[in-house]
Amino acid sequence: MEKVAYLGPEGSYSQLAAIKLRPEAEHIAYGSFRLVVDALERGECNLAVLPIENSLNGSVIANIDLLQSTEDIFTVEKTGLTLDHRLATLTGADIKGITRVFSHEQALAQCEKYLYKNFPQAELIAAPSTMASLNALETTSDAAIVGAHVKREGITLSKDNIADFTNNVTDFLLVKKGGAEKNKKSDRIFFSVACVHSAGALYDVLQPLRDGGVNMTKIQSRPIRGSAGEYRFFIEVEGDLSSEKVRKVLDEVKSISLSFKLLGAYFSDDNKKD
């Protein structure tokens, strides 16, 4: 049986994504994203689930950095999960008296307007995950932000979604140990590049994509650690990695770049293949 690592504890959004991606697998919780990837590297798990981007809050930077810095791992699937954030309190608590709100930093940011409007003086405290924030509830003046699916004795959830926008989707990656399978089809390819620090350098790196008719769906930059003022670009494009034409385009990009790393090849949710 496959074993899938995810950020726990049980009941987290990452577990929901793991179940969606691999419903028949054994799902194993870890206390941080670093530990999730470590479990994959050590062979404790066959696969790992990592949130990579939220429609409200942008990229999960820690996981982009993990994908880049970890050798011999590769993304094989991607899926979106709609998040429904609820305020959790000890049963019987009066929310007017809330002075501390716990949750994962991403959830706190996604509920910023609600929190400012309702608890402007409350202390916002980051937890390792949304589910872990429940364990921090000590008094009736404490609250947490968790998913609407959560059920725990002694805990009451708000009736409504408290996110700033209800169309709140996080994309999760399913990552394996090893590299790309040359003949496996895809409709998205994810890679990183670094280029020389000079005028037009990024344009030159992207030119093969345009010339080869490969559409770019996303690009973002991250500072290169230890190299002040220099950046690495993380790029997703439409493309089938099993296509010789597409691989030739990527080879051209690689030849122009200072560094190149293929991070994944997968299907978007709308175009999943068996």
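## Cysteines

In this predicted model, cysteine 111 is buried, its relative accessible area being 0%. Cysteine 195 has a relative accessibility of 14% and therefore also counts as buried, because the cut-off for that class is under 20% relative accessible area. A disulfide is a covalent bond between the sulfur atoms of two cysteines, and a search that covers the whole structure returns 0 disulfides.

Helix H2 spans residues 33–42, and its buried residues are Phe33, Val36, Val37, Asp38, Ala39 and Leu40. An α-helix has 3.6 residues a turn, so residues three or four places apart point the same way.

The buried residues of H2 pack against several strands, namely E1 (3–7), E2 (26–30), E3 (47–54), E5 (73–82) and E11 (169–177), and also against helix H3 (61–69). Just after H2 comes glycine 43, which takes a positive phi of about 85°.

## The pairing of H7 and H8

Two packed helices are described by the angle between their axes and the distance between the axes. For helix H7 (residues 201–211) and helix H8 (residues 244–256), the axes come within 8 Å and cross at roughly 170°, which means that H7 is roughly antiparallel to H8.

On the H7 side the contact is made by Asp204, Val205, Pro208 and Leu209, while H8 contributes Val249, Glu252, Val253 and Ile256. Sorted by class, the contact of H7 with H8 has 6 nonpolar and 2 charged residues, with no polar residues.

Terms used. Residues are numbered from 1 along each chain as its sequence is written. This is a predicted model: local features need pLDDT of at least 70, side-chain atom pairs count only at pLDDT 80 or more; totals for chains, interfaces and linings use all residues. Side-chain values use heavy atoms; hydrogens and water are left out. Buried means under 20% relative accessible area, exposed over 50%, partly exposed in between (1.4 Å probe, protein chains only). Helices (H or I, at least four residues) and strands (E, at least two) are DSSP runs, numbered from the N terminus. Contact means heavy atoms within 4.5 Å. Axes are lines fitted to C-alpha atoms, for helices over the stretch in contact, and angles run from 0 to 180 degrees between N-to-C directions. Angles under 35 degrees count as roughly parallel, over 145 as roughly antiparallel, 65 to 115 as roughly perpendicular and the rest as oblique. Ala, Val, Leu, Ile, Met, Phe, Trp, Tyr, Cys and Pro count as nonpolar, Asp, Glu, Lys and Arg as charged, and the others, Gly among them, as polar. A disulfide is a pair of cysteine sulfur atoms within 2.5 Å.
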